[in-house]
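Me: I would like to learn how to read a protein structure, one feature at a time. Could you take me through this one?

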Amino acid sequence: MKTIVAGLLIAASACASAQTLLTKNFAADPSPHFFGGKYVVYATDDQNNSGKYWDSTSWRVLTSADLKSWKDHGPILPASIFKWASADAKAWAPEAVEHGGKYYFFAPVGGKQIGVAVSDNPLGPFVDLIGKPLVETPRDANAGDEPIDPAVFIDKDKRIYLYFGTRVPKVVELSADLKSTVGGIKNLVVDGFPAKTAYGEAPFLHQHKGVYYFSFSTGWPGQIVYATGKSPLGPFDYRGVLIDFLKISTNHQAILEHDGKTLLFYHDNVLPGGGDHRRSILVQEIEYNADGTMRRK
Ligand code: FUB
């Protein structure tokens, strides 16, 4: 069932509560944060792609004070932040992190490289932090064929981890200044996959009550599933499905815990004219069961 509420499309089903649509512009691959007293979501800019591929060259930013009303700031982050990237480099699933009073923006450009940029303001402008890719294939051993979908997790001990990768989930530790990788790139291990289920893309790590939750998409199309472990480096044990197959070739989630709520952001195809390359971002609250498993609220 779909209804329009207060200018925002709310999708609801018999078994799940409302999901809020963040913007009527096409956008995907949400990276949600609470920066400077407001919610900030960085996204792939599907509004400005060809409609035939994920070939936009900009990222879109959205903000909200209350998770209900969202402001779309438009495609304010261009791939040209990274001068070493080709002019038509595809701007895919971004990530950001607040660290030491500054905001860092991580972005895959062109499918083979991940850049890092910095700003004093969550909305930018961002400037390239190191003037070269932070991760690049084939330059970096074990970067994999497609080092995309960066996700950063800062642990309680202040160690910083960068997750990324297609078909094989990767992790590498970052230096405290975020300018370089530390040690080698490792493959993450997820045990207990059900038959015909495998890692696809969109790695994301969050922690809840001392448990490390590793969520990801299982492929194209994919389910959003998650696994848990005792370390940010894994190994992780498969725990279940958060979002089952949707009528779209990709899905991409990220989880934000703030103000006592756990918020699941992901993309679907719910806007008129939408499709595999014209995606839309939704948010829905999730909760934890006593055994640590998660369920959509
Ligand atoms: O938006 C381009 C790609 O589609 C992303 O990098 C993947 O996560 C998938 O959502």
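Reply: We can begin with a salt bridge, which is a side-chain nitrogen of Lys or Arg within 4 Å of a carboxyl oxygen of Asp or Glu. Before we look, note that this is a predicted model, where local features need pLDDT of at least 70, side-chain atom pairs count only at pLDDT 80 or more, and totals for chains, interfaces and linings use all residues. Residues are numbered from 1 along each chain as its sequence is written, and side-chain values use heavy atoms, with hydrogens and water left out.

Me: What is the general idea behind such pairs, and how many salt bridges does the rule give here?

Reply: Side chains of opposite charge can pair when their charged atoms come close. In this model the count is eleven salt bridges. One of them joins the side chains of Arg 279 and Asp 29, at 4.0 Å from N to O. Arg 279 sits in the loop between strand S24 (261-268) and strand S25 (280-288), while Asp 29 belongs to strand S4 (residues 28-35), so the pair ties together parts that are 250 residues apart in sequence. Strands here are DSSP runs (E, at least two residues), numbered from the N terminus.

Me: Are Arg 279 and Asp 29 buried or exposed?

Reply: For that we use relative accessible area: under 20% is buried, over 50% is exposed, and in between is partly exposed (1.4 Å probe, protein chains only). Arg 279 has 3% relative accessibility and counts as buried. Asp 29, at 7%, counts as buried too.

Me: Which residues does Arg 139 meet in salt bridges?

Reply: Arg 139 meets Glu 136 at 3.7 Å, N to O, and Asp 140 at 2.7 Å, N to O. Arg 139 is partly exposed at 40% relative accessibility. Glu 136 is buried with 19%, and Asp 140 is buried with 17%. Elsewhere, a network of salt bridges links Glu 285, Glu 287, Arg 295 and Lys 297.

Me: Polar residues make other links too, I hear. What does the side chain of Thr 250 make a polar contact with?

Reply: First the rule: a polar contact is a pair of N or O atoms within 3.5 Å; within protein, one must be able to donate a hydrogen and the other to accept it, and residues adjacent in sequence count only if both atoms are side-chain atoms. The side chain of Thr 250 makes one with the side chain of His 267 at 2.8 Å and another with that of Arg 279 at 3.0 Å. Thr 250 lies in the loop between strand S22 (236-243) and strand S23 (254-258), and it is buried at 4% relative accessibility. If we ask about contact in general (heavy atoms within 4.5 Å), Thr 250 touches Trp 54, Glu 201, Trp 220, His 267 and Arg 279, leaving aside residues up to four places away in sequence.

Me: How do I read a sheet, and in what order do the five strands stand?

Reply: Two strands pair if DSSP finds at least two bridges between them. Here five strands form an open sheet with mixed pairing, in the order S18-S22-S21-S20-S19. Strand S18 (190-191) and strand S19 (201-208) are at the edges, each with a single partner strand, so one side of each has no neighbour in the sheet. S19 pairs with strand S20 (residues 211-217) in the antiparallel sense over six bridges. Glu 201 has Ser 217 in S20 as its bridge partner.

Me: And the nonpolar residues? Which have the most contacts inside the largest core?

Reply: In soluble globular proteins, nonpolar side chains tend to be buried together. A nonpolar core is a set of buried Ala, Val, Leu, Ile, Met, Phe, Trp, Tyr and Cys residues joined through side-chain atoms within 4.5 Å. The largest one here has 34 residues, and those with the most contacts inside it are Tyr 163, Phe 214, Phe 236, Leu 242 and Met 294. Apart from that core lies another, of 19 residues, including Phe 35, Tyr 42, Ala 91 and Phe 126.

Me: Which rings are linked with Phe 214 into a cluster?

Reply: Ring pairs link Phe 214 with Tyr 163, Phe 193, Tyr 199, Phe 216, Phe 236 and Tyr 238.

Terms used. Helix = DSSP H or I, 4+ residues; strand = E, 2+ residues; numbered from the N terminus. Phe/Tyr/Trp six-rings, centres within 6.5 Å; stacked < 30°, edge-to-face > 60°.
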